[in-house]
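Thank you all for coming; I would like to walk you slowly through one structure this morning. Please have a look at it first, and then we will go through some of its details together.

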Amino acid sequence: MHEPLDPLEPKDGFATLVDYRLTVWEPDRAEVELTVEAKHRNRSGRLHGGVVTTLIDAASGLAGTYCAVPGNVRRALTLSLTTQFVGAGAVGMHLVAEARKVGGGRQIFFTQCEVRDRDGHLVGKGEGVFRYRSTSATPEGEPI
């Protein structure tokens, strides 16, 4: 199997702003990681829920858009995303969002994701519904 294009290396846009990184990307599965910094806190000094939601959205979208064809990419849009906040996060905490594609068809796919700290404690979880862009519906994707 060919190595796929890593859509976050070099990082740009929102991934750079939040500072998450793709660490695992394979068919139907992706992991993104983040070390919580002061910039990720809410006004109460805890991890902002938007950061957890971002990790769920990013990992979930990637889980459904793996492409093994060199020079090609698959793209999707988030249609629906639910997030449950289960635990608190703090500065210095290392988070891993693991998402899996759990179903779908030619145009739509569904995901489940969990965000855990380094010790395996659940911080948040979510489910997503995504729509492939018309040129990304096949596993071969589209040229970059």
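I will talk about one serine, then about cysteines, and finally about a pocket.

This is a predicted model, in which local features need pLDDT of at least 70 and side-chain atom pairs count only at pLDDT 80 or more, while totals for chains, interfaces and linings use all residues. Residues are numbered from 1 along each chain as its sequence is written, and side-chain values use heavy atoms, with hydrogens and water left out.

Let us begin with serine 136, which sits in the loop between β7 and β8 (142-143), where strands are DSSP runs of E with at least two residues, numbered from the N terminus. Serine 136 has a relative accessible area of 0%, so it counts as buried, a word that means under 20% relative accessible area with a 1.4 Å probe and protein chains only. Its side chain makes a polar contact of 2.7 Å with that of glutamate 142, the term being a pair of N or O atoms within 3.5 Å, one able to donate a hydrogen and the other to accept it, and with residues adjacent in sequence counting only if both atoms are side-chain atoms.

Turning to the cysteines, how many disulfides does a search of the whole structure find? The search finds 0, taking a disulfide as a pair of cysteine sulfur atoms within 2.5 Å. Cysteine 67 is buried because its relative accessibility is 1%, and cysteine 113 is buried at 3%.Finally, about 250 Å³ of space lies in the second largest pocket, an open set of points on a 1 Å grid over the protein atoms alone where a 1.4 Å probe fits, with protein on both sides within 12 Å along at least five of seven lines.

Key. On a 1 Å grid over the protein atoms alone, a cavity is a set of points where a 1.4 Å probe fits but cannot get out, and a pocket is an open set with protein on both sides within 12 Å along at least five of seven lines; lining residues have an atom within 4 Å of a point. Grid points are joined across faces, edges and corners, and a volume is the space filled by probe spheres set on the points. Buried means under 20% relative accessible area, exposed over 50%, partly exposed in between (1.4 Å probe, protein chains only). Helices (H or I, at least four residues) and strands (E, at least two) are DSSP runs, numbered from the N terminus.
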